[in-house]
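Q: Please go through the helix geometry of this model, and set each value against its definition.

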Amino acid sequence: MVDAWMEVEAHHMEPALWPIIRHSIIGQYVGRDRDHQAVIDENLDRLRKVLPAYEARLSVCKYLAGDVISAADLCHFGFMRYFMATEYAGLVHAYPHVKAWWDALLARPSVQKVMAGMPPDFGYASGNIP
């Protein structure tokens with residue numbers, strides 16, 4: 001199950017989230033006008049197609065690979081962290097089991113420590129980028 005959900009993340013979730021993050025957050029800091037709403041909308045549609053699979057899985061277990069956290073859950077954190085900082089985060093809230101899973105991840109002290117080093121603006125606003 002761990003491998004299966006890591007594959008779902010790599011082939012379905014990440015490819016949908018990255019363009020949304022890139023155009024919603026990063027673009028403004030690298031001098032791009034926000035003129036890619038069509039790209040964002042297309043990828044929100046892709047996300048709407050994959051989230052029901054997550055909702056179904058998370059309705060029968062707390063985490064993706066079962067009732068204990070695993071690499072399957074943690075590999076989702078990076079892109080989900082930034083997606084949840086966009087104005088489109090409400091899409092996840094529409095899926096109660098997905099939202100509960102995300103909240104459970106955020107409640108973990110180790111995740112909070114990692115998140116502290118991941119500013120929602122990627123460090124662009126503060127100039128803390130390499």
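A: Start with helix α1 (residues 2-29), which spans only 35 Å between its end C-alpha atoms. A straight helix of 28 residues would span 40 Å at 1.5 Å a residue; the expected span is 1.5 Å times one less than the number of residues. Helices are DSSP runs (H or I, at least four residues), numbered from the N terminus. The model is predicted: local features need pLDDT of at least 70, side-chain atom pairs count only at pLDDT 80 or more, and totals for chains, interfaces and linings use all residues. Residues are numbered from 1 along each chain as its sequence is written, and side-chain values use heavy atoms, without hydrogens and water.

Q: Where does the kink in α1 lie?
A: At Met 13, shortly before the proline Pro 15, with a bend of about 45 degrees. The bend is the angle between axes fitted to the seven residues ending at a residue and the seven starting there.

Q: Why are α2 and α6 called roughly perpendicular?
A: Helix α2 (residues 37-58) and helix α6 (residues 96-106) pack at about 75 degrees, with axes 7 Å apart. Angles of 65 to 115 degrees count as roughly perpendicular, so α2 and α6 are roughly perpendicular to each other.

Q: What makes the contact of α2 with α6?
A: Leu 51, Tyr 54, Glu 55 and Leu 58 of α2 and Pro 96, His 97, Val 98 and Trp 101 of α6. Contact means heavy atoms within 4.5 Å.

Q: How do α1 and α2 pack?
A: At an angle of about 145 degrees, with their axes 9 Å apart. α1 passes α2 in a left-handed crossing (the near helix is turned anticlockwise from the far one by less than a right angle).

Conventions:
Axes fitted to C-alpha atoms, helices over the stretch in contact; angles between N-to-C directions. Helix = DSSP H or I, 4+ residues; strand = E, 2+ residues; numbered from the N terminus. Parallel < 35°, antiparallel > 145°, perpendicular 65-115°, else oblique.
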